[in-house]
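Visitor: I would like to learn how to read a few features of a model from its coordinates. Could you take me through them one at a time?

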Amino acid sequence: MKKNKILKKLFRKKMTLEQAILFLVVGLILGTVFTFGQQYWDAPIDREDAISVEAEYISYSRKFLHPESHDVGIECKTENPYYVKYYIDASCVTYDILDYVHNLERGTNLLMLIHPNSDTILSLTVNGEEILNFDEVRNNLDSTNIGFLCLGILMYTLAVCGAVRIIVIAVRKLKESK
């Protein structure tokens with residue numbers, strides 16, 4: 001019962017022009033990033049379109065997104081003299097994969113398939129043993145992309161709410177000025 005009173009109070013308050021503009025701008029920016037950016041970075045591709053990379057393992061790092069999820073960055077030395085960092089997407093990281101990467105020895109040869117639009121590892125093979133399977137990674141990324149697409153649609157809805165409120169405020173001001 002108390003929750004309903006709080007919700008009614010929140011929705012009774014009118015959105016100010018500044019809030020409406022903020023909703024519009026933030027909704028458009030985040031909607032675009034979640035809808036189109038994520039679809040580009042992790043776009044579905046065929047195995048033939050992935051970039052094949054043979055590299056020497058140097059080290060790894062973890063970027064914690066929340067307690068149960070983190071990206072894993074693998075630093076490698078490729079044919080050119082530069083060090084490159086590729087990433088295992090958080091949706092593909094399991095404790096087994098994390099443990100395997102943690103126990104890799106420096107200098108180990110890695111064979112990877114990399115997404116051409118990002119530095120995401122789609123397949124990882126070490127000494128003939130497949131650590132990350134291309135098809136499983138693609139399925140995980142596709143599932144994640146659906147979530148980001150829904151989030152993008154929600155952000156665009158927020159932008160529409162802001163735009164509608166801006167129009168309502170403008171119409172009221174026009175009526176008041178007459």
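This is a predicted model: local features need pLDDT of at least 70, side-chain atom pairs count only at pLDDT 80 or more; totals for chains, interfaces and linings use all residues.

Visitor: How is a pair of aromatic rings described?

Guide: A pair of aromatic rings is described by the distance between the centres and the angle between the planes. In this structure the count comes to one aromatic pair. The ring centres of Phe-34 and Phe-148 are 5.7 Å apart and their planes stand at 35°, so the pair is tilted.

Visitor: Which helices hold Phe-34 and Phe-148, and what does the pair tie together?

Guide: Phe-34 belongs to helix H2 (residues 17-41) and Phe-148 to helix H4 (residues 134-177), so the pair ties together parts that are 114 residues apart in sequence. As for accessibility, Phe-34 is buried, with a relative accessible area of 18%, whereas Phe-148 counts as partly exposed at 25%.

Visitor: How should I read the packing of two helices?

Guide: Two packed helices are described by the angle between their axes and by the distance between those axes. Here H2 and H4 pack at an angle of about 155°, with their axes 7 Å apart. Because angles over 145 degrees count as roughly antiparallel, that term applies to H2 and H4. The crossing in which H2 passes H4 is left-handed, and the contact of H2 with H4 has 20 nonpolar, nine polar and one charged residues.

Visitor: How many disulfides does a search of the whole structure find?

Guide: The idea is to look for a pair of cysteine sulfur atoms within 2.5 Å, and a search of the whole structure for such pairs finds zero disulfides.

Visitor: Is Cys-76 buried or exposed, and where does Cys-76 lie?

Guide: Cys-76 is buried, with a relative accessible area of 0%, and lies in strand E2 (residues 69-77). The C-alpha atoms of Cys-76 and Thr-108 are separated by 9.6 Å, and these two residues are 32 residues apart along the chain. Cys-161, by contrast, is partly exposed, with a relative accessible area of 42%.

Notes:
Residues are numbered from 1 along each chain as its sequence is written. Side-chain values use heavy atoms; hydrogens and water are left out. Buried means under 20% relative accessible area, exposed over 50%, partly exposed in between (1.4 Å probe, protein chains only). Rings of Phe, Tyr and Trp (its six-membered ring) pair if their centres lie within 6.5 Å; planes under 30 degrees apart count as stacked, over 60 as edge-to-face and the rest as tilted. Helices (H or I, at least four residues) and strands (E, at least two) are DSSP runs, numbered from the N terminus. Axes are lines fitted to C-alpha atoms, for helices over the stretch in contact, and angles run from 0 to 180 degrees between N-to-C directions. Angles under 35 degrees count as roughly parallel, over 145 as roughly antiparallel, 65 to 115 as roughly perpendicular and the rest as oblique. A crossing is left-handed if the near helix is turned anticlockwise from the far one by less than a right angle, and right-handed if clockwise. Ala, Val, Leu, Ile, Met, Phe, Trp, Tyr, Cys and Pro count as nonpolar, Asp, Glu, Lys and Arg as charged, and the others, Gly among them, as polar.
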